Amino acid sequence: MKIGDIVEIIYNKEEYSWREIGSIGIITHPFGKYNWIVDIINPVTREKKDSDRLKEEQLRVLDTMPKENKVYTTEEIEEFKKIYEEKESELRNFKEYDVLEIIRDRPEYAEEGFRVGDLVTVCSNIESNGKVYMLGFDKEECADIDLSVRREDVRFIEDNIRNYPHKYTEEEKQELIKLSDELAKFYKQKDEERQKKYGY
């Protein structure tokens, strides 16, 4: 996909009228890997209805501008959902609301009060500049904190009710840094495989 492509929305879990399945838009700007800012338009009048950030797997490219939004059957929408889920599982590393553990210290995390062993929750798996938007909790301030984390610096954990934060020794931290480097290589490989498979 690229800027200027005419796209149709094929999946939407949120109830926004301008983001309904079958709505038409034009890609206007990239927003991180596999994400786009799309102007949703009325295909008849060509007027812009709204603008939104959408995942690439929510869209499909059309050859030409349709004369109207297409209305799909329940069966067709279920097929779109399968396509979306298959593509998302291939392209994305985390689901929204997953609880993750930070496995690498970085200055930008420390500025917000987060270190190795702290837990964060995925707010949106729309990736921007190689980072994913998380929500953490500041125990001292008793407040939620927004945090953008590199995808290789967190790992999914099954048990989110353990002691928080987890305290690691310096040797364990070095092992976690190795894991972070391995994850970065893994994600790079997956990106390259995707590039070959989809061509973008």
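**Labels and their cut-offs**

Me: Why is Phe80 called buried?
Reply: Phe80 has a relative accessible area of 8%. Buried means under 20% relative accessible area, exposed over 50%, and partly exposed in between, with a 1.4 Å probe and protein chains only. Since 8% falls under the cut-off, Phe80 counts as buried.

Me: What kind of model is this, and what conventions apply?
Reply: This is a predicted model, in which local features need pLDDT of at least 70, side-chain atom pairs count only at pLDDT 80 or more, and totals for chains, interfaces and linings use all residues. Residues are numbered from 1 along each chain as its sequence is written, and side-chain values use heavy atoms, with hydrogens and water left out.

Me: What makes the pair of Tyr72 and Phe80 edge-to-face?
Reply: Rings of Phe, Tyr and Trp (its six-membered ring) pair if their centres lie within 6.5 Å; planes under 30 degrees apart count as stacked, over 60 as edge-to-face and the rest as tilted. The structure holds three aromatic pairs. Tyr11 and Tyr84 form one of them, stacked because the ring centres are 3.9 Å apart and the planes stand at 15°. For Tyr11 the relative accessible area is 13%, so Tyr11 is buried, and Tyr84 is buried at 5%. The rings of Tyr72 and Phe80 have centres 4.9 Å apart and planes at 85°, so this pair is edge-to-face. Tyr72 counts as buried too, at 12% relative accessibility.

Me: Which parts of the chain does the pair of Tyr11 and Tyr84 tie together?
Reply: Helices (H or I, at least four residues) and strands (E, at least two) are DSSP runs, numbered from the N terminus. The protein has three helices and ten strands, in the order β-β-β-β-β-α-β-α-β-β-β-β-α from the N terminus on. Returning to the three aromatic pairs, Tyr11 lies in the loop between strand 1 (6-9) and strand 2 and Tyr84 in helix 1, so their pair ties together parts that are 73 residues apart in sequence.

Me: Is Lys55 buried or exposed?
Reply: Lys55, in strand 4 (residues 48-55), has a relative accessible area of 5%, so it is buried. Contact means heavy atoms within 4.5 Å. Leaving aside neighbours within four places in sequence, Lys55 is in contact with Tyr34, Asn35, Tyr84, Glu88, Arg92, Glu96, Asn125 and Ile126.

Me: Why is Thr28 called partly exposed?
Reply: Thr28 belongs to strand 2 (residues 24-30). The relative accessible area of Thr28 is 31%, so the residue is partly exposed. Not counting residues up to four places away in sequence, Thr28 touches Ile3, Ile37, Val38 and Asp39.

Me: How many of the residues count as buried over the whole protein?
Reply: Of the 200 residues, 40% count as buried. Among contacts between residues at least 6 apart in sequence, 55% join residues at least 24 apart.

Me: What makes a space a cavity, and how many cavities are there?
Reply: On a 1 Å grid over the protein atoms alone, a cavity is a set of points where a 1.4 Å probe fits but cannot get out, and a pocket is an open set with protein on both sides within 12 Å along at least five of seven lines; lining residues have an atom within 4 Å of a point. The count comes to two cavities of 30 Å³ or more. The largest holds about 60 Å³ and is lined by Tyr34, Leu91, Arg92, Asn93, Phe94, Asn125, Glu127 and Val132.

Me: Which residues are closest to the centre of the largest pocket?
Reply: The largest pocket has a volume of about 410 Å³. Of its 22 lining residues, the closest to the centre are Arg53, Glu96, Cys123, Ser124 and Ile126. Strand 4, strand 7 (119-128) and strand 8 (131-138) are the elements that give two or more residues to this lining.

Key: Points joined across faces, edges and corners; volume = space filled by probe spheres on them.
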